[in-house]
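Trainee: I would like to go through this model with you. Can we take it one question at a time?

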Amino acid sequence: MDMSSISHVSTIDNDDVYAMDRKYVFHSWSIQGNLNPLVIKSGKGSKLWDFDGNEYLDFSSQLVNTNIGHQHPKVVEAIVKQAQELMTIAPSTANLARNEAAKRIVELAPEGFNKVFFTNGGADANENAIRMARLFTGKTKVLSSYRSYHGNTGSAIVATGDARRIPNEYARGHVHFFSPYLYRSEFHASNEVEECERALQHLRRIIESEGPSSIAAILLESLPGTAGILVPPKNYMQGVRELCNEFGIIMIFDEVMAGFGRTGKWFALEHYGVTPDLITFAKGVNSGYIPVGGVIISEKISQYFDTTFFPGGLTYSGHPLAMASIVATIDAMKEEKILENVEYISNEVLGPGLKKLAEKHNIIGEVRGAGVFWAIELVSNQKTKERVSAQTMTEIKNLCAQKGLLTFLADNRIHVVPPCIVTKEEVLEALKIYDEVLTEIGCH
């Protein structure tokens, strides 16, 4: 078929869409010639369909963002209604949709937060949080974990700890440290208490060695996602807060992936009883229906900018369509008790089901997580904890897809991250597929 004519025909199949993609689209994080993208046409709830009618259960939430599921009718309706009234407006104006979105977010945030700066996504949310911390403190350095991902813009990618930062290290003033990960402890810890104490001592020494007078902020994912869904040990986040207080450092929590219901709370920080100075968000705030992110700003920092110029802005900051989708998402999550669903699924279905898989399959080294935010860490040897190969992970991804399950894979892990609206029946279906695939892989 002549690809220039595809948009004018009524019968389009997967091959047509695939061919157009490979001719015109440049994809992220990839060698372009090696790509084999999955074709998707439509979605609803936790499911997706391609042009040939194949159905997929989405346990990736795409990039862990469709918390409210695909095509939620109330959110779609709100976007349509806003589009009919006002499609776009400059960020310098006062706009009701922006006001309502900011109000709802502030009401969910910890006490002491009073304003929201809207961005286009999570990366530039972290960029602007870093900017605010540097301006507020007059200091430059930003400390972040090696096991982290904060986005792919200038400072955000250098704040990122994983290897994707290495070809992108152009921003200045970034220092990394090791955060807790007991299963693969950097501190030779044998239990959670040791891991916490030693990780905090390690961070203290980094601060002392770098010079507290030079450090503007510590940036941490409140529950590290892409790095492995690394649930921090008890008292670690409290200890980081205390170090920030002691040395006059701004504490930034990155809630881009973990926020808005993903862990069963509006923000993952609620699990720790710790209040940072800045909170970044994106993804689940509107399930990515319209690109949006932002920084929730504590009163002490927002007041500073009452009399100090803030040198930052974006053309689409507080875009009306995005704002309407935020309002509708938060309202729907409350009305439909979606956070309560996450708690039920986690405690009664998903958590116990994953632990049963771990007991059955030697290829599983550990399962960990909270809410609908879990990781299955796969190893070729449980004693040595040697990671399974990239080839094995590719086989797992392909087998799951063949059985109608979309997965989020990172390194040697399956991240089990369905939408927050997922049902018991859908979780049981996914667990069955994981079981079948791991059984098949284990027989190789």
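Trainee: Is Gln84 buried or exposed?
Mentor: This is a predicted model: local features need pLDDT of at least 70, side-chain atom pairs need 80 or more, and totals for chains, interfaces and linings use all residues. Side-chain values use heavy atoms, without hydrogens or water, and residues are numbered from 1 along each chain as its sequence is written. Buried means under 20% relative accessible area, exposed over 50%, partly exposed in between (1.4 Å probe, protein chains only). Gln84 has 66% relative accessibility, so the residue counts as exposed.

Trainee: Which helix holds Gln84?
Mentor: Helices are DSSP runs of H or I with at least four residues, strands are runs of E with at least two, and both are numbered from the N terminus. Gln84 falls within residues 73–85, which form helix 3.

Trainee: What is the strand order of the open sheet?
Mentor: Two strands pair if DSSP finds at least two bridges between them. The open sheet has 7 strands with mixed pairing, in the order 4-10-9-8-7-5-6.

Trainee: Why is one side of strand 4 and of strand 6 left without a neighbour in the sheet?
Mentor: Strand 4 (113–119) and strand 6 (174–177) stand at the edges.

Trainee: How many bridges join strand 5 to strand 6?
Mentor: Strand 5 covers residues 141–145 and runs parallel to strand 6. Val142 stands opposite His174 in strand 6. The bridges joining the two strands number 4.
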